[in-house]
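Hi,

Here is the structure I said I'd pass along.

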Amino acid sequence: MTQPIEREPVSDEAILRYLDGHLPGGEREAFEATMASDGDLKARVAEMDLDFAPLQTGMAALLSGAPTFALPARRAPIWHYVAAAIVIFALGVGAGRLLPGATDSAGWHQAVADYQALYTTDTVAAVPMAPETRLAGLDRTGAALGLDLSGAAEGAKGLIFQRAQILQIDGKPLAQLVYLDATGAPIAFCITRREGADSAPKDGRLSGLNARTWRDAGYGFILIGDAAPDALRAATEELRGKIQL
Amino acid sequence: MPRLWRYALVMTGNRAEAQDLAQATALRALERVEQFRPGTRLDAWCFTILGSIWRNELRARKVRLGTGHIAVEDVGLADPTPGVEVNILARQVLSHMASLPEAQRQTLYLVYVEGFSYAEAAAQLDIPIGTVMSRLANGRKRLKQVMSDDAAD
């Protein structure tokens, strides 16, 4: 392809900025004016003008094919997934404030919150799972903690159970049960062993999310997500009644 | 994590390798978590790590093994997919992306799929911003050509 030699040829970079909407108002108008009278420039713009919407839609669809790194699946040995789960969890912890040191109760709540803050509706909804797979995951997760979690699959008013997986904190298993609420917001219900006296549920706000935290019979609980405090309070009462301690 | 995996898939063109790459990225991120600067984007940081592992380690291995070429047909997309049409579209865009030279593919992906700015992409890839822009310009031309050829078939 030959380019006509001009005194000040418009660069590809300028065309790119124009197409990407990065030219400031005045320059943009000047560019369009030049294009109107310069068929060659117009042709060069057309060569680079591309609708990225199908690419973005196709790419969005790919996300649903992503393997669930935290769950045992076909290919790799289970420790791969366990390692990945720990790592993903650590990533959720973010700045490494808590790594790998001991976490008091506020610490593990914050760790869960940081992890949960990375969740979107797609994270949860994009992984379709057969009901029996969900329940098997829940059984396994409960077994890791020595708890019968089967009641939690019923969810609560406005909360639909999606999946359960085992993470880890301070070398102890951490059960993560994921729900979607009516607005599609992901809500996590997490349980880990915590010594200490029982404590009644209380409201909290962590990493921009609302939470309810409590302790029963040597287990610490947190219900957290981008939901109204009232909704979390009601769901807490329901879920508490469904866990056999 | 699905986004890391997708980036890995676009770069490797192969499901198993994408999984290895995404996993290696997560492990590396954990080892270096103290290097993460709070207040900066965690996703960009992970993407940078993925890009560097790909560039410095896995890609070299693939090229050595002579398996650097991407066969999109080998990309087994997961079975529980939301719908057949979506699956076809996903396959198609992957195949279009795979037809680009690696540097263009990576840069286009970061800017037009992930929405990073030119400057952010430049920082991630450790290249000048002008290089990002020329890759985008050339990648656009090439992709446009590929897509119109495909549509004409």
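At what angle do helix 4 of chain A and helix 1 of chain B pack, and how many Å apart are their axes? The angle is about 115 degrees and the axes are 9 Å apart, with residues 53-63 of chain A on one side and residues 2-12 of chain B on the other. Bear in mind that this is a predicted model.

A bit more on that pair: helix 4 of chain A passes helix 1 of chain B in a right-handed crossing. From chain A, the helix brings in Met59(A), Leu62(A) and Leu63(A), and these meet Pro2(B), Arg3(B), Arg6(B) and Leu9(B) of the chain B helix.

Now for chain B by itself. Out of its 153 residues, 39% count as buried. If you take the contacts in chain B with a separation of 6 or more, 56% come from residues 24 or more positions apart.

There's also a helix pair within chain B to look at. Helix 6 (residues 118-125) and helix 7 (residues 129-152) of chain B pack at about 110 degrees, and their axes are 8 Å apart. That angle makes helix 6 of chain B roughly perpendicular to helix 7 of chain B. Helix 6 contributes Tyr118(B), Ala119(B), Ala121(B) and Ala122(B), while helix 7 contributes Ile129(B), Val132(B) and Met133(B). This contact has 7 nonpolar residues, with no polar and no charged ones.

Cheers

Methods
Residues numbered from 1 in each chain as written. Chains lettered and ligands numbered in written order. Predicted model: local features only at pLDDT ≥ 70, side-chain atom pairs only at ≥ 80, totals over all residues. Axes fitted to C-alpha atoms, helices over the stretch in contact; angles between N-to-C directions. Helix = DSSP H or I, 4+ residues; strand = E, 2+ residues; numbered from the N terminus. Parallel < 35°, antiparallel > 145°, perpendicular 65-115°, else oblique. Contact = placed C-beta atoms within 7 Å. Nonpolar A, V, L, I, M, F, W, Y, C, P; charged D, E, K, R; others polar. Left-handed = near helix turned anticlockwise from the far one by under 90°. Buried ≥ 20, exposed ≤ 12 C-beta atoms within 10 Å, placed from the backbone.
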